[in-house]
Amino acid sequence: MEQSFITRELVQLHVPAKNWEEAIRLSADPLVQNGICLREYVDDMVLNVKENGPYIVLTDHLALPHGRAEKGALQTAISVGILETPVEFGNKTNDPVKVVICMSAQAGDKYMDMLGRLAALLEDPQVIEDLANAEDADKVLELLQHC
Amino acid sequence: MRYKAMVCCKAGMGSSMFLKLKADQVISENSLPIKTVHGNMDTLIDFDGDLVITMSDLCEDLQGKMPYVIGIDRVADKNEMKEKLTKFLADVQYAV
């Protein structure tokens, strides 16, 4: 059976973020609460955007924050935050962000496996729209079932 | 002839790997004569290939410093990737 990188406790709906930094910190919080990454790793996700810009908004309405593994990624998994209100990250083409998928990633095959599944899934803009409009965590898990 | 492309973003962690996966998928589905390697801003300095594929916000910094730069707006969008890779191939073939 293929391994899943997302579980129910890593999904949040109606995330009340008022800006991009809150969107990352709140969406990533379950990763910290569940021992998947350290708080410092989440700080690094934020720092990455401060230093390198909002390029993590990979496609319309979707941000994929990640940090450097050595900053405290303990396991390879994703958390998902569906924002209550869309937030501007400053990305010219893909703002505003509605869905935040935070990656905790250790280098290696497992990470590449996870990225590959995400890349295949997010190819379809409808999936991101469906995530944004999901009414409960079950729907989010169903949409991400191959992740 | 196979063209050599480096796929990179500033940090060289997640986004550029994502971009490389997408580029490889489009290259293989369309049998394009391009081979990709993964890199970051540091390894880019020594890159001797034909093409750099990156996010569009980094594209401006690299214009003129590299033989050819493609900036991608929507990393998950295969059509955009295909259009820009196809344009690269048309451009270089004209230049020969």
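## A glutamine in a loop of chain A

In this predicted model, the backbone oxygen of A:Ala73 lies 3.1 Å from a polar atom of the A:Gln106 side chain. A:Gln106 itself sits in the loop between β5 and α3 of chain A. With a relative accessible area of 36%, A:Gln106 is partly exposed.

What else does A:Gln106 touch, leaving aside residues up to four places away in sequence? Its contacts are A:Ala69, A:Ala73, A:Leu74, A:Gln75, A:Thr76 and A:Tyr111.

Chain A has an open sheet of 5 strands in the order β1-β4-β5-β3-β2, and the pairing is mixed. At the edges you will find β1 (11–15) and β2 of chain A, each of which pairs on one side only.

Strands of a sheet pair through backbone hydrogen bonds, either parallel or antiparallel. For β4(A) and β5(A) the sense is antiparallel, with 7 bridges between them. To find your place in β5(A), look for A:Cys102, which stands opposite A:Ser79.

## A helix lying across that sheet

Helix α4(A) lies across β2, β3, β4 and β5 of chain A, and runs at about 100° to β5(A). This helix covers residues 125–132, and A:Val127, A:Ile128, A:Leu131 and A:Ala132 are buried in it. Seen down the axis of α4(A), the buried residues fall within an arc of 140°, so they line one face of the helix.

What do the buried residues of α4(A) pack against? Their partners are β2 (57–59), β3 (62–63), β4, β5, α3 (109–121) and α5 (137–143) of chain A. The N-terminal end of α4(A) is capped by A:Asp124, with a side-chain oxygen 3.0 Å from the backbone nitrogen of A:Gln126.

## Aromatic pairs in both chains

Over all chains, the structure holds 3 aromatic pairs. One of them joins A:Trp20 and A:Phe89, with 6.3 Å from centre to centre and 50° between the planes, and this pair is tilted. A:Trp20 belongs to helix α1 (residues 20–33) of chain A and A:Phe89 to the loop between β4 (77–87) and β5 (97–104) of chain A, so the pair ties together parts that are 69 residues apart in sequence. A:Phe89 is buried, at a relative accessible area of 6%.

In chain B, the ring centres of B:Tyr3 and B:Phe88 are 5.3 Å apart and the planes stand at 85°; planes over 60 degrees apart count as edge-to-face, so this pair is edge-to-face. The pair links distant parts of the chain, 85 residues apart: B:Tyr3 is in strand β1 (residues 3–9) of chain B and B:Phe88 in helix α4 (residues 78–95) of chain B. Together with B:Tyr68, B:Tyr3 and B:Phe88 form one aromatic cluster.

## Strand β1 of chain B and its partners

Why can β1(B) be called largely enclosed by the rest of the structure? Of its 7 residues, 6 are buried, so the strand is largely enclosed. Strand β2 (residues 34–40) of chain B runs parallel to β1(B), and 7 bridges join them. Within that pairing, B:Met6 stands opposite B:Val37.

β1(B) also pairs with strand β3 (residues 51–55) of chain B, in the parallel sense and over 3 bridges. Here B:Val7 stands opposite B:Ile53.

## A buried serine in chain B

B:Ser16 lies in helix α1 (residues 14–29) of chain B. At 0% relative accessibility, B:Ser16 counts as buried. Its side chain makes a polar contact of 2.8 Å with the side chain of B:His38.

Not counting residues up to four places away in sequence, B:Ser16 touches B:Val7, B:Cys8, B:Cys9, B:His38, B:Gly39 and B:Met55. Among these neighbours is B:Val7, the residue that stands opposite B:Ile53 in β3(B).

How values were computed. Residues are numbered from 1 along each chain as its sequence is written. Chains are lettered from A and ligands numbered from 1 in the order in which they are written. This is a predicted model: local features need pLDDT of at least 70, side-chain atom pairs count only at pLDDT 80 or more; totals for chains, interfaces and linings use all residues. Side-chain values use heavy atoms; hydrogens and water are left out. Rings of Phe, Tyr and Trp (its six-membered ring) pair if their centres lie within 6.5 Å; planes under 30 degrees apart count as stacked, over 60 as edge-to-face and the rest as tilted. Helices (H or I, at least four residues) and strands (E, at least two) are DSSP runs, numbered from the N terminus. Buried means under 20% relative accessible area, exposed over 50%, partly exposed in between (1.4 Å probe, protein chains only). Two strands pair if DSSP finds at least two bridges between them. The arc is that of the directions from the helix axis to the C-beta atoms. Contact means heavy atoms within 4.5 Å. A polar contact is a pair of N or O atoms within 3.5 Å; within protein, one must be able to donate a hydrogen and the other to accept it, and residues adjacent in sequence count only if both atoms are side-chain atoms. Axes are lines fitted to C-alpha atoms, for helices over the stretch in contact, and angles run from 0 to 180 degrees between N-to-C directions.
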